[in-house]
Amino acid sequence: SGGWTSLAALPLTPRSGLRGVRVGDRAVFLGGLLGLPCPPNASCLAPTHWPDELAILEGAGWRTGATGVKESPVSGAVAVGDRVILTIERQVLVLDPENDRVAALTTLPTEMGPLTTDGSRLFGVSGSDEGGGDPARVQVFTLASGAWTTLPPDPLGASFDRLVIWTDAGLVLLAKKLVASPGGADGPSFVRAALFADGAWRRLPDLDCIGGWSWHWTGTRLVAPQLGSADGGEIDGYGRAIPFGGWLD
């Protein structure tokens, strides 16, 4: 209808960093951090436990459950069928939200950002090449075989803020070029993109945005819903305000 509808209050303990994932015709909300967020540039004590309670939205009503995991934070959640694939540090778990059951699935071969899925495979990639070495390659976990494989090198090269998202057109890799002074003397760090489909990578046009830390597939396009912009400041100014968010058709 193009309008907003208010729902009943989320039945969870107040927290920051809550994650939500669509599972069929339901929405599951979980993870996050209890207590107040750590202020910018502050050194805060790390939490000793994380909330395991979750909330499921069915129609206009809520019900609660639990993940059963309190020792580590949920760093990623993606739906496969009626299950939720959770990433907790380097462990990948399968959550049955209907019955509050969690089972181990696999271990990440390396540290990765949020996983994405086409329904039969999981895709993940390291978020940055700032540690040196060869540029990271996209890793693929096939659910049926339980094995990890590696995609060919992508055309974006050494990058940071790297993220993969499955779309109807194939797997999209989003990243920013790794340079000595990103956003400073080397200029703005625009989001770049590449598509993996039919067994090969294809470079897509660069986007006119410099944020894009969180992307979402709407069914027709990728959207990074971050507000605001940056102009580089007085010393290494960009000559214009460049938006953080954007979209890719």
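Before we start: strands here are DSSP runs of E, at least two residues long, numbered from the N terminus. Also keep in mind that this is a predicted model.

Q: Which strand gives the most to the lining of the largest pocket?
A: The largest pocket holds about 1100 Å³ of space. Strand 2, strand 7 (76–80), strand 11 (116–117), strand 15 and strand 19 each give two or more residues to its lining. With 6 residues, the top contributor is strand 15.

Q: How many residues line the largest pocket?
A: Nearest the centre of the largest pocket you'll find Ala 77, Val 78, Thr 116, His 216 and Trp 217.

Q: Which residue in strand 17 is the bridge partner of Leu 173?
A: Strand 16 (residues 170–177) and strand 17 (residues 191–197) are antiparallel partners over 6 bridges. On the strand 17 side, the residue bridged to Leu 173 is Ala 194.

Q: Which residue in the turn between strand 2 and strand 3 has a positive phi?
A: Strand 2 (residues 19–23) pairs with strand 3 (residues 26–30) in the antiparallel sense over 5 bridges, and Val 23 has Arg 26 as its bridge partner. The two strands form a hairpin with 2 residues between them. The turn residue with a phi of about 65 degrees is Gly 24.

Q: Is the Trp 213 and Phe 244 pair stacked, edge-to-face or tilted?
A: The structure holds 5 aromatic pairs. In this one, the ring centres of Trp 213 and Phe 244 are 5.5 Å apart and the planes meet at 45 degrees. Under 30 degrees would count as stacked and over 60 as edge-to-face. At 45 degrees, therefore, the pair is tilted.

Q: How many residues apart in sequence are the parts that Trp 213 and Phe 244 tie together?
A: Trp 213 lies in the loop between strand 18 and strand 19 (216–217). Phe 244 lies in the loop between strand 22 (242–243) and strand 23 (246–248). The pair therefore ties together parts separated by 31 residues.

Key
Residues are numbered from 1 along each chain as its sequence is written. This is a predicted model: local features need pLDDT of at least 70, side-chain atom pairs count only at pLDDT 80 or more; totals for chains, interfaces and linings use all residues. Side-chain values use heavy atoms; hydrogens and water are left out. Two strands pair if DSSP finds at least two bridges between them. Helices (H or I, at least four residues) and strands (E, at least two) are DSSP runs, numbered from the N terminus. Rings of Phe, Tyr and Trp (its six-membered ring) pair if their centres lie within 6.5 Å; planes under 30 degrees apart count as stacked, over 60 as edge-to-face and the rest as tilted. On a 1 Å grid over the protein atoms alone, a cavity is a set of points where a 1.4 Å probe fits but cannot get out, and a pocket is an open set with protein on both sides within 12 Å along at least five of seven lines; lining residues have an atom within 4 Å of a point. Grid points are joined across faces, edges and corners, and a volume is the space filled by probe spheres set on the points.
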